[in-house]
Amino acid sequence: MRVKLGVLFGGKSVEHEVSIISAIQAMEHIDNNKYEIIPIYITKEGTWYTGEMLKEVRFYSDMDLIKRYAKEVTLVNKDGRFVLLSLGFLKREVTELDICFPVMHGTSGEDGALQGFLETVGIPVCESDHYAAVLGQDKVFMKQVWESVGVPICKYTWFYDYDYLMDAASIVKKVEKLGYPVIVKPARLGSSVGISCAHNETELHESVLEAMKYDTKILVEEKVENLKEVNISVLGNYRKQKVSPIEEVGSSNELLTYEDKYIGGNKKMPSKGMASAKRIIPARIDEDVAEEIRESAKLAFKALGSSGVVRIDYMINSKTNKIYANEINTIPGSLSFYLWDKANVEYRELLDEIINIGIKDYKDSTKKTVKFDTNILANFSQSGAKGSKGIKG
């Protein structure tokens with residue numbers, strides 16, 4: 001019997017379309033002999049749909065087609081069965097699921113919100129859990145954890161939009177300690193959305209306002225000189241990690257942009273997701289630098305409690321060979337299949353391993369104690385409980 005695999009994608013995110021590309025790529029390569037693939041598309045408004053048509057990219061240009069031919073559903077736990085129910089007056093079972101595979105990017109999908117919901121329902125989930133997802137999405141949390149275990153990062157400061165609007169001058173002073181130029185980012189976004197480089201105070205103000213369009217939390221970090229950007233993928237969980245070849249990513253811009261990652265310089269051709277980016281594999285770096293990145297990536301992965309496949313982006317000062325971990329993508333664009341392909345791991349094999357890791361993580365979690373066979377209310381009468389104080393203590 002095949003495993004019923006729910007692939008979730010889309011969502012309330014500026015990376016909505018990128019998620020659709022990644023998910024359709026994945027569904028085309030998942031082993032149909034092992035898995036019954038059930039696409040679950042989440043609209044920008046948060047509505048869930050399922051249907052075979054959702055495996056084809058051409059339908060996403062017209063939402064009316066999806067509303068007309070796909071089924072609007074919700075996920076529930078019915079006595080230990082994970083069921084997609086149709087909405088409406090008569091709620092009917094559409095299908096059961098055994099495990100969910102979120103292929104989501106950005107807010108409300110990669111940031112832990114969806115993972116938390118799925119974990120509350122109780123269904124097994126592939127990729128990082130909600131704890132690791134939160135840490136991976138929030139670049140400030142991420143840097144604080146990495147800093148605590150010795151993962152090399154560049155100098156940074158951060159603030160909320162409210163703080164900047166109330167007292168921009170004090171924040172400008174903090175930024176100036178880093179030294180211009182600086183990189184300004186929304187703290188909880190991905191795919192290079194809202195990121196810009198500021199060379200002076202005027203540009204800093206413009207960059208902060210741009211980042212504030214997307215997030216309330218803003219990160220500002222020093223710009224690495226003689227920059228070379230490289231990426232590495234890590235596959236595994238807290239027990240064991242393995243790493244992919246390292247890629248060198250090229251850009252004609254001052255920093256890697258959304259267009260570099262997903263459009264690839266040719267807007268007439270359909271995007272291939274992160275596989276569209278200009279890249280050199282393996283990266284043109286010394287072996288000792290490559291080994292430092294490999295070991296650092298495994299440490300960074302484990303420190304955040306990541307699981308499944310991730311991509312970790314590094315920056316290198318090409319003159320000093322000093323490395324800096326930039327960010328982690330807990331559900332990377334195209335699931336980083338193009339990196340594992342260079343290690344002779346077929347995409348189908350990679351997806352199978354991600355799913356198996358999700359199953360193992362679920363089995364591990366169900367072995368842990370989550371309740372006690374006791375009822376602290378048994379010794380309290382209804383009247384006594386009303387006046388009780390300090391019960392917890």
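Hi everyone, let me start inside helix H1. Its buried residues are His16, Val18, Ser19, Ile20, Ile21, Ser22, Ala23, Ile24, Gln25, Ala26 and Met27. That makes 11 of 14 residues buried, so H1 counts as mostly covered, with burial meaning under 20% relative accessible area. Before I go on, please keep in mind that this is a predicted model.

How far apart should the ends of H1 be? The helix covers residues 16-29, and at 1.5 Å a residue its 14 residues should span 20 Å. The end C-alpha atoms are 21 Å apart, which agrees.

Let me step back to the whole chain for a moment. There are 393 residues, and 49% of them count as buried. The secondary structure comes to 13 helices and 17 strands. If you take contacts between residues at least 6 apart in sequence, 65% of them join residues at least 24 apart. As for the surface, the chain exposes about 19600 Å², and carbon and sulfur atoms supply 50% of that.

Now to the sheet, which you can follow on the screen. It is an open sheet of 7 strands with mixed pairing, in the order S6-S5-S4-S3-S2-S1-S7. Which strands stand at the edges? They are S6, residues 93-97, and S7, residues 99-102; each has a single partner strand, so one side of each is left without a neighbour in the sheet. From one strand to the next, the twist averages 40°.

Look at the S6 end with me. Strand S5, residues 81-86, runs antiparallel to S6, and 4 bridges join the two. Within that pairing, Phe82 has Leu97 of S6 as its bridge partner.

Two helices on the sheet deserve a mention. Helix H3, residues 113-121, packs on it and touches S1, S2, S3, S4, S5 and S7, with its direction at about 50° to that of S4. Helix H12, residues 347-366, also packs on the sheet, touching S1, S2 and S7, and its direction makes about 125° with that of S7.

Finally, the cores. The largest nonpolar core has 52 residues, and the members touching the most others are Val7, Phe9, Trp48, Leu54, Leu75, Phe101 and Leu335. What does Phe101 contact, leaving aside its neighbours within four places in sequence? The answer is Leu5, Gly6, Val7, Leu8, Cys126, Glu127, Leu335, Leu351, Ile354 and Ile355.

How values were computed:
Residues numbered from 1 in each chain as written. Predicted model: local features only at pLDDT ≥ 70, side-chain atom pairs only at ≥ 80, totals over all residues. Heavy atoms only, no water. Buried < 20%, exposed > 50% of the residue type's maximum accessible area, 1.4 Å probe, protein only. Contact = heavy atoms within 4.5 Å. Areas by Shrake-Rupley, 256 points an atom, 1.4 Å probe, with all protein chains shown as cover. Expected span 1.5 Å × (residues − 1). Pairing = 2+ DSSP bridges. Axes fitted to C-alpha atoms, helices over the stretch in contact; angles between N-to-C directions. Core = buried A, V, L, I, M, F, W, Y, C linked by side-chain atoms within 4.5 Å.
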